[in-house]
Amino acid sequence: MLSLVFTWNNLGCIVPAIFITAFLIGGYYRDKTRLTELFQDKNLNIDVLMILTEVGASMIGYWMEAVLLIFIFSLAGSMETMARIWSRNAISELMKLTPEEARKYNSNGEIEIVETKKLKIEDVLQVPRGATIPIDESSVTGESVPVEKLQVMK
């Protein structure tokens, strides 16, 4: 925005310095990270293409467009990070809905309260009306019908 003000006031000689400053401040960390991923990890992605576009636009004199690209991709990266954090928090909250204890029938037919971690395959549970099934994952996975689980022997 500052560069537009200088351009409108016929102070165009300062504009390239403002754009270069914005280019370096806005893109340095993100571009450095992406180039490190490219050369060290051999990970080519869309961000490398955007770096080339930014550099190319600035080389042919389209500083405003280059800085606008940096701004848009920085904004998109921030939104992606926020969405990831919100999703992680939402899943954590869903996991808290799963009961920590279950009502398990003993071999003599009595009900004992046990931790859900201690449940085994073929344990018989009592689930009171309106209670959450202690080993049910549907609140997290969204499964509408039970899915068969297999025990993996180690």
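Select Asp47 first: at 13% relative accessibility, this residue counts as buried, because the limit for burial is under 20%. The model on display is a predicted one.

Keep Asp47 selected and display the element around it. The residue belongs to helix α3, which covers residues 46-59. The side chains of Asp47 and Arg34 form a polar contact of 2.6 Å. Leaving aside residues up to four places away in sequence, Asp47 touches Arg34 and Phe73.

Select α3 and α4 together. Two packed helices are described by the angle between their axes and the distance between the axes. The crossing of α3 past α4 is left-handed.

Now show the side chains where the two helices meet. On α3, select Asp47, Met50, Thr53, Glu54, Ala57 and Ser58; on α4, select Trp63, Ala66, Leu69, Ile70 and Phe73.

Finally, select the whole protein chain. The chain holds 5 helices and 3 strands, and from the N terminus their order is α-α-α-α-β-β-β-α. Of its 154 residues, 16% count as buried; Asp47, where the tour began, is one of the buried residues. Among contacts with a separation of 6 or more, 33% join residues 24 or more positions apart.

Terms used. Residues are numbered from 1 along each chain as its sequence is written. This is a predicted model: local features need pLDDT of at least 70, side-chain atom pairs count only at pLDDT 80 or more; totals for chains, interfaces and linings use all residues. Side-chain values use heavy atoms; hydrogens and water are left out. Helices (H or I, at least four residues) and strands (E, at least two) are DSSP runs, numbered from the N terminus. Buried means under 20% relative accessible area, exposed over 50%, partly exposed in between (1.4 Å probe, protein chains only). A polar contact is a pair of N or O atoms within 3.5 Å; within protein, one must be able to donate a hydrogen and the other to accept it, and residues adjacent in sequence count only if both atoms are side-chain atoms. Contact means heavy atoms within 4.5 Å. A crossing is left-handed if the near helix is turned anticlockwise from the far one by less than a right angle, and right-handed if clockwise.
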